[in-house]
Amino acid sequence: MAGKLIIVPTPIGNLGDMTLRSLEALRTADMVCAEDTRVTGKLLAHFDIRKPLERLDEAMIGAKAASVMERVAAGEVLAYCSDAGMPGVSDPGLRLVAAAHEAGVPAEVLPGASAAACAYVASGTVCPRFYFGGFFPRKAGEQRTVLEDLRGLDAALVFYESPNRLVTALAAIAEVLPWREVAVCRELTKLHEEVARGTAVELRALFGARAEEPGGIRGEIALVIDAPGEDETAADAAEAAASAEARAVELAAEGLRTKEVARRLAAEFGIARNDAYELAMAAAR
(Lines give C-alpha, C1' and ligand atoms only; values in the text may rest on other atoms or scores of the structure.)
Protein backbone atom coordinates (compact mmCIF):
# COMPACT_ATOMS: atom_id res chain seq x y z
CA MET A 1 0.00 0.00 0.00
CA ALA A 2 1.28 3.45 -0.92
CA GLY A 3 2.02 5.76 1.98
CA LYS A 4 -0.36 8.53 2.98
CA LEU A 5 -1.39 10.78 5.85
CA ILE A 6 -4.97 10.29 7.06
CA ILE A 7 -6.64 13.01 9.13
CA VAL A 8 -9.07 11.11 11.36
CA PRO A 9 -11.96 12.90 13.13
CA THR A 10 -13.05 11.53 16.49
CA PRO A 11 -16.25 12.00 18.54
CA ILE A 12 -16.73 15.24 20.46
CA GLY A 13 -18.33 13.34 23.31
CA ASN A 14 -20.49 10.42 22.23
CA LEU A 15 -18.41 7.43 21.11
CA GLY A 16 -21.33 6.32 18.95
CA ASP A 17 -20.40 9.13 16.56
CA MET A 18 -17.18 7.39 15.50
CA THR A 19 -17.55 6.70 11.79
CA LEU A 20 -16.86 3.38 10.08
CA ARG A 21 -14.29 5.03 7.81
CA SER A 22 -12.43 6.48 10.79
CA LEU A 23 -12.31 3.07 12.47
CA GLU A 24 -11.05 1.44 9.29
CA ALA A 25 -8.36 4.11 8.93
CA LEU A 26 -7.12 3.52 12.46
CA ARG A 27 -7.15 -0.25 12.00
CA THR A 28 -5.15 -0.17 8.77
CA ALA A 29 -2.64 2.56 9.68
CA ASP A 30 0.95 1.63 10.41
CA MET A 31 1.01 4.17 13.22
CA VAL A 32 -1.39 6.55 14.92
CA CYS A 33 -0.12 10.04 15.76
CA ALA A 34 -2.11 11.91 18.36
CA GLU A 35 -2.41 15.28 20.06
CA ASP A 36 -2.49 13.37 23.36
CA THR A 37 -1.67 9.66 23.38
CA ARG A 38 -3.61 9.17 26.62
CA VAL A 39 -6.85 10.46 25.10
CA THR A 40 -6.44 8.63 21.79
CA GLY A 41 -5.19 5.54 23.61
CA LYS A 42 -8.51 5.28 25.48
CA LEU A 43 -10.38 5.66 22.18
CA LEU A 44 -8.36 2.88 20.54
CA ALA A 45 -8.84 0.63 23.56
CA HIS A 46 -12.61 1.17 23.47
CA PHE A 47 -12.73 -0.07 19.89
CA ASP A 48 -10.14 -2.80 20.53
CA ILE A 49 -7.60 -1.29 18.13
CA ARG A 50 -3.94 -1.97 18.90
CA LYS A 51 -1.54 0.34 17.10
CA PRO A 52 1.75 2.08 17.92
CA LEU A 53 0.98 5.56 19.28
CA GLU A 54 3.18 8.63 18.94
CA ARG A 55 2.52 12.02 20.51
CA LEU A 56 2.32 14.86 17.99
CA ASP A 57 0.80 17.93 19.59
CA GLU A 58 0.79 21.51 18.29
CA ALA A 59 4.19 22.29 19.79
CA MET A 60 5.78 19.20 18.23
CA ILE A 61 4.28 19.36 14.73
CA GLY A 62 6.62 22.13 13.57
CA ALA A 63 9.70 20.18 14.60
CA LYS A 64 8.52 16.77 13.42
CA ALA A 65 6.39 17.49 10.34
CA ALA A 66 9.31 16.96 7.93
CA SER A 67 10.24 13.58 9.42
CA VAL A 68 6.57 12.51 9.41
CA MET A 69 6.34 13.31 5.70
CA GLU A 70 9.53 11.36 5.04
CA ARG A 71 7.93 8.31 6.59
CA VAL A 72 4.81 8.76 4.49
CA ALA A 73 6.92 9.17 1.35
CA ALA A 74 8.70 5.93 2.28
CA GLY A 75 5.36 4.08 2.22
CA GLU A 76 3.94 4.31 5.74
CA VAL A 77 0.28 5.05 6.38
CA LEU A 78 0.02 7.45 9.33
CA ALA A 79 -3.29 8.37 10.94
CA TYR A 80 -3.58 11.60 12.92
CA CYS A 81 -6.14 12.31 15.68
CA SER A 82 -6.65 15.36 17.85
CA ASP A 83 -8.32 14.98 21.24
CA ALA A 84 -11.84 15.36 19.84
CA GLY A 85 -13.56 16.41 16.63
CA MET A 86 -11.94 17.41 13.35
CA PRO A 87 -8.17 17.90 13.52
CA GLY A 88 -7.38 21.36 12.22
CA VAL A 89 -10.61 22.99 13.43
CA SER A 90 -9.23 24.81 16.50
CA ASP A 91 -7.15 21.68 17.04
CA PRO A 92 -3.70 20.66 15.77
CA GLY A 93 -3.59 19.25 12.27
CA LEU A 94 -3.59 22.08 9.73
CA ARG A 95 0.20 22.27 9.59
CA LEU A 96 0.43 18.53 8.98
CA VAL A 97 -1.86 18.81 5.95
CA ALA A 98 0.12 21.82 4.71
CA ALA A 99 3.37 19.88 5.16
CA ALA A 100 1.93 16.97 3.18
CA HIS A 101 0.99 19.26 0.29
CA GLU A 102 4.43 20.84 0.36
CA ALA A 103 6.14 17.45 0.38
CA GLY A 104 3.92 16.16 -2.40
CA VAL A 105 2.60 13.19 -0.39
CA PRO A 106 -1.06 12.12 -0.24
CA ALA A 107 -3.22 13.55 2.56
CA GLU A 108 -6.71 12.15 3.02
CA VAL A 109 -9.14 14.02 5.26
CA LEU A 110 -12.09 12.03 6.58
CA PRO A 111 -15.35 13.79 7.49
CA GLY A 112 -16.66 13.59 11.02
CA ALA A 113 -17.91 15.28 14.16
CA SER A 114 -17.36 19.02 14.58
CA ALA A 115 -18.66 21.01 17.55
CA ALA A 116 -18.82 24.20 15.45
CA ALA A 117 -21.19 22.72 12.85
CA CYS A 118 -23.24 20.92 15.50
CA ALA A 119 -23.67 24.10 17.56
CA TYR A 120 -24.59 26.16 14.49
CA VAL A 121 -27.48 23.82 13.71
CA ALA A 122 -28.50 23.31 17.36
CA SER A 123 -28.69 27.08 17.93
CA GLY A 124 -31.84 27.33 15.84
CA THR A 125 -30.61 30.21 13.71
CA VAL A 126 -32.23 30.53 10.30
CA CYS A 127 -29.28 32.36 8.77
CA PRO A 128 -27.80 30.14 6.02
CA ARG A 129 -24.26 31.39 6.70
CA PHE A 130 -21.95 31.17 9.69
CA TYR A 131 -18.51 32.48 10.59
CA PHE A 132 -16.32 30.31 12.79
CA GLY A 133 -13.91 32.33 14.91
CA GLY A 134 -12.21 29.55 16.87
CA PHE A 135 -11.75 30.28 20.58
CA PHE A 136 -13.23 33.58 21.78
CA PRO A 137 -10.48 36.06 22.79
CA ARG A 138 -9.54 36.14 26.47
CA LYS A 139 -8.83 39.86 26.89
CA ALA A 140 -11.73 42.30 27.19
CA GLY A 141 -10.29 44.73 24.66
CA GLU A 142 -9.77 41.98 22.07
CA GLN A 143 -13.28 40.65 22.69
CA ARG A 144 -14.84 44.04 21.93
CA THR A 145 -12.64 44.53 18.87
CA VAL A 146 -13.58 41.14 17.40
CA LEU A 147 -17.29 41.70 17.99
CA GLU A 148 -17.21 45.23 16.54
CA ASP A 149 -15.31 43.99 13.48
CA LEU A 150 -17.84 41.20 12.88
CA ARG A 151 -21.09 42.94 13.84
CA GLY A 152 -21.86 43.91 10.23
CA LEU A 153 -21.31 40.40 8.89
CA ASP A 154 -24.54 38.85 7.59
CA ALA A 155 -23.84 35.51 9.25
CA ALA A 156 -24.16 33.71 12.57
CA LEU A 157 -20.96 33.90 14.63
CA VAL A 158 -19.62 30.70 16.20
CA PHE A 159 -16.92 30.60 18.89
CA TYR A 160 -15.56 28.05 21.33
CA GLU A 161 -15.29 29.10 24.96
CA SER A 162 -14.10 27.76 28.30
CA PRO A 163 -16.71 27.30 31.06
CA ASN A 164 -14.50 29.42 33.33
CA ARG A 165 -14.69 32.37 30.91
CA LEU A 166 -18.29 31.97 29.72
CA VAL A 167 -19.80 34.68 31.93
CA THR A 168 -17.12 37.17 30.92
CA ALA A 169 -17.66 36.35 27.24
CA LEU A 170 -21.43 36.83 27.56
CA ALA A 171 -20.84 40.18 29.30
CA ALA A 172 -18.75 41.35 26.32
CA ILE A 173 -21.42 40.20 23.86
CA ALA A 174 -24.10 41.93 25.94
CA GLU A 175 -22.10 45.16 25.78
CA VAL A 176 -21.51 45.17 22.01
CA LEU A 177 -24.50 43.18 20.71
CA PRO A 178 -27.17 43.41 23.44
CA TRP A 179 -30.09 42.80 21.06
CA ARG A 180 -28.71 39.65 19.40
CA GLU A 181 -30.04 36.17 20.13
CA VAL A 182 -27.27 33.92 21.48
CA ALA A 183 -27.11 30.17 22.03
CA VAL A 184 -24.84 28.61 24.64
CA CYS A 185 -24.29 25.03 23.45
CA ARG A 186 -22.77 22.99 26.26
CA GLU A 187 -21.64 19.36 26.34
CA LEU A 188 -22.89 18.65 22.81
CA THR A 189 -23.57 14.94 22.09
CA LYS A 190 -22.97 14.09 25.76
CA LEU A 191 -25.34 12.96 28.52
CA HIS A 192 -25.88 16.46 29.94
CA GLU A 193 -26.16 18.28 26.60
CA GLU A 194 -27.68 21.75 26.93
CA VAL A 195 -28.63 24.45 24.46
CA ALA A 196 -29.64 27.67 26.26
CA ARG A 197 -30.94 30.46 24.03
CA GLY A 198 -31.74 34.11 24.73
CA THR A 199 -30.16 37.54 24.52
CA ALA A 200 -26.62 37.86 25.81
CA VAL A 201 -28.01 39.93 28.70
CA GLU A 202 -30.40 37.13 29.70
CA LEU A 203 -27.79 34.39 29.34
CA ARG A 204 -25.21 36.37 31.28
CA ALA A 205 -27.67 36.53 34.19
CA LEU A 206 -28.50 32.82 33.88
CA PHE A 207 -24.94 31.55 33.78
CA GLY A 208 -23.69 34.19 36.18
CA ALA A 209 -26.04 32.74 38.80
CA ARG A 210 -25.01 29.20 37.91
CA ALA A 211 -21.34 30.09 38.30
CA GLU A 212 -22.04 30.91 41.95
CA GLU A 213 -23.60 27.51 42.61
CA PRO A 214 -21.64 24.47 43.86
CA GLY A 215 -19.90 22.88 40.89
CA GLY A 216 -20.25 26.05 38.80
CA ILE A 217 -20.33 25.75 35.01
CA ARG A 218 -18.82 22.66 33.46
CA GLY A 219 -18.22 21.13 30.05
CA GLU A 220 -17.18 22.05 26.53
CA ILE A 221 -18.97 25.14 25.23
CA ALA A 222 -19.72 26.61 21.82
CA LEU A 223 -21.30 30.06 21.49
CA VAL A 224 -23.53 30.95 18.55
CA ILE A 225 -24.41 34.62 18.06
CA ASP A 226 -27.27 35.07 15.61
CA ALA A 227 -26.91 37.19 12.48
CA PRO A 228 -28.12 40.82 12.62
CA GLY A 229 -31.89 41.18 12.36
CA GLU A 230 -33.88 43.73 10.37
CA ASP A 231 -34.20 46.14 13.31
CA GLU A 232 -30.48 46.13 13.97
CA THR A 233 -29.66 46.56 10.27
CA ALA A 234 -32.07 49.50 9.99
CA ALA A 235 -30.69 51.10 13.16
CA ASP A 236 -27.11 50.74 11.91
CA ALA A 237 -28.08 52.23 8.54
CA ALA A 238 -29.78 55.19 10.22
CA GLU A 239 -26.76 55.76 12.46
CA ALA A 240 -24.39 55.61 9.48
CA ALA A 241 -26.57 58.04 7.53
CA ALA A 242 -26.63 60.50 10.42
CA SER A 243 -22.85 60.27 10.78
CA ALA A 244 -22.34 60.85 7.06
CA GLU A 245 -24.70 63.83 7.11
CA ALA A 246 -22.87 65.38 10.07
CA ARG A 247 -19.54 64.81 8.36
CA ALA A 248 -20.82 66.49 5.18
CA VAL A 249 -21.80 69.59 7.17
CA GLU A 250 -18.39 69.58 8.85
CA LEU A 251 -16.49 69.37 5.55
CA ALA A 252 -18.66 72.03 3.90
CA ALA A 253 -17.96 74.36 6.83
CA GLU A 254 -14.25 73.92 6.14
CA GLY A 255 -14.83 75.46 2.70
CA LEU A 256 -14.38 72.29 0.62
CA ARG A 257 -16.06 72.20 -2.77
CA THR A 258 -19.12 70.00 -3.20
CA LYS A 259 -17.31 67.42 -5.36
CA GLU A 260 -14.51 67.11 -2.81
CA VAL A 261 -16.99 66.70 0.04
CA ALA A 262 -18.77 63.95 -1.93
CA ARG A 263 -15.47 62.22 -2.69
CA ARG A 264 -14.47 62.17 0.96
CA LEU A 265 -17.88 60.93 2.11
CA ALA A 266 -17.76 58.07 -0.36
CA ALA A 267 -14.26 57.13 0.81
CA GLU A 268 -14.91 57.45 4.54
CA PHE A 269 -18.36 55.85 4.72
CA GLY A 270 -18.33 53.51 1.73
CA ILE A 271 -21.56 54.99 0.35
CA ALA A 272 -22.53 55.30 -3.29
CA ARG A 273 -21.25 58.36 -5.17
CA ASN A 274 -24.76 59.62 -5.94
CA ASP A 275 -25.78 59.40 -2.28
CA ALA A 276 -22.55 61.13 -1.22
CA TYR A 277 -23.14 63.92 -3.73
CA GLU A 278 -26.71 64.47 -2.50
CA LEU A 279 -25.43 64.80 1.08
CA ALA A 280 -22.71 67.20 -0.07
CA MET A 281 -25.25 69.32 -1.96
CA ALA A 282 -27.57 69.45 1.05
CA ALA A 283 -24.68 70.53 3.30
CA ALA A 284 -23.73 73.32 0.89
CA ARG A 285 -27.16 74.94 0.98
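Let's start with a sheet. Five strands form an open sheet, in the order β3-β2-β4-β1-β5, and the pairing is parallel. Which strands stand at the edges? They are β3, residues 53-55, and β5, residues 107-109. Each has a single partner strand, so one side of each is left without a neighbour in the sheet. Neighbouring strands here are turned by 25° against each other on average, direction ignored. One caution before I go on: this is a predicted model.

Strand β1, residues 4-7, runs parallel to β5, and 3 bridges join the two.

Helix α4, residues 94-103, lies across β1, β4 and β5. Strand β4 is residues 77-81. The helix runs at about 155° to β1.

Helix α4 also has a helix partner. A quick reminder on how we describe such pairs. Two packed helices are described by the angle between their axes and the distance between the axes. For α4 the partner is α3, residues 58-73. The two axes come within 10 Å and cross at roughly 25°. An angle under 35 degrees counts as roughly parallel, and α3 and α4 are therefore roughly parallel to each other. Their crossing is right-handed.

Who makes the contact? From α3 we have E58, I61, G62, A65, V68 and M69. From α4 we have R95, L96, A99, A100 and A103. By type, the residues of this α3 and α4 contact divide into 8 nonpolar, 1 polar and 2 charged.

On to another sheet. Again 5 strands form an open sheet, this time in the order β6-β7-β10-β8-β9. The pairing here is mixed. The edge strands are β6, residues 130-135, and β9, residues 194-199. Each has a single partner strand, so one side of each lacks a neighbour in the sheet. The twist averages 20° from one strand to the next.

Look inside this sheet. Strand β8, residues 181-186, pairs with β10, residues 221-225, in the antiparallel sense over 5 bridges. In that pairing, R186 stands opposite I221 in β10.

Is R186 buried or exposed? The cut-off for buried is under 20% relative accessible area. R186 has 13%, so it is buried. What is R186 in contact with, leaving aside its neighbours within four places in sequence? The list is H192, E193, E194, R210, I217, R218, E220 and I221.

Back to α8, and its helix partner. That is α7, residues 166-176. The axes of α7 and α8 come within 9 Å and cross at roughly 160°. That makes α7 roughly antiparallel to α8. The crossing is left-handed. On the α7 side, the contact is made by L166, V167, L170, A171, I173 and A174. On the α8 side, it is A200, V201, L203, R204, F207, G208 and A211. The residues of this α7 and α8 contact divide into 11 nonpolar, 1 polar and 1 charged.

One more helix pair. Helix α10, residues 258-269, packs with helix α11, residues 273-284. The angle is about 135°, and the axes are 8 Å apart. How do they sit, then? They are therefore oblique to each other. Helix α10 passes α11 in a right-handed crossing. T258, K259, V261, A262, L265 and A266 in α10 meet A276, Y277, L279, A280, M281 and A284 in α11. The residues of this contact divide into 10 nonpolar, 1 polar and 1 charged.

Last stop: the loop between α10 and α11, where G270 lies. G270 has a relative accessible area of 66%, so it is exposed.

Methods
Residues numbered from 1 in each chain as written. Predicted model: local features only at pLDDT ≥ 70, side-chain atom pairs only at ≥ 80, totals over all residues. Heavy atoms only, no water. Axes fitted to C-alpha atoms, helices over the stretch in contact; angles between N-to-C directions. Helix = DSSP H or I, 4+ residues; strand = E, 2+ residues; numbered from the N terminus. Parallel < 35°, antiparallel > 145°, perpendicular 65-115°, else oblique. Left-handed = near helix turned anticlockwise from the far one by under 90°. Contact = heavy atoms within 4.5 Å. Nonpolar A, V, L, I, M, F, W, Y, C, P; charged D, E, K, R; others polar. Buried < 20%, exposed > 50% of the residue type's maximum accessible area, 1.4 Å probe, protein only. Pairing = 2+ DSSP bridges.
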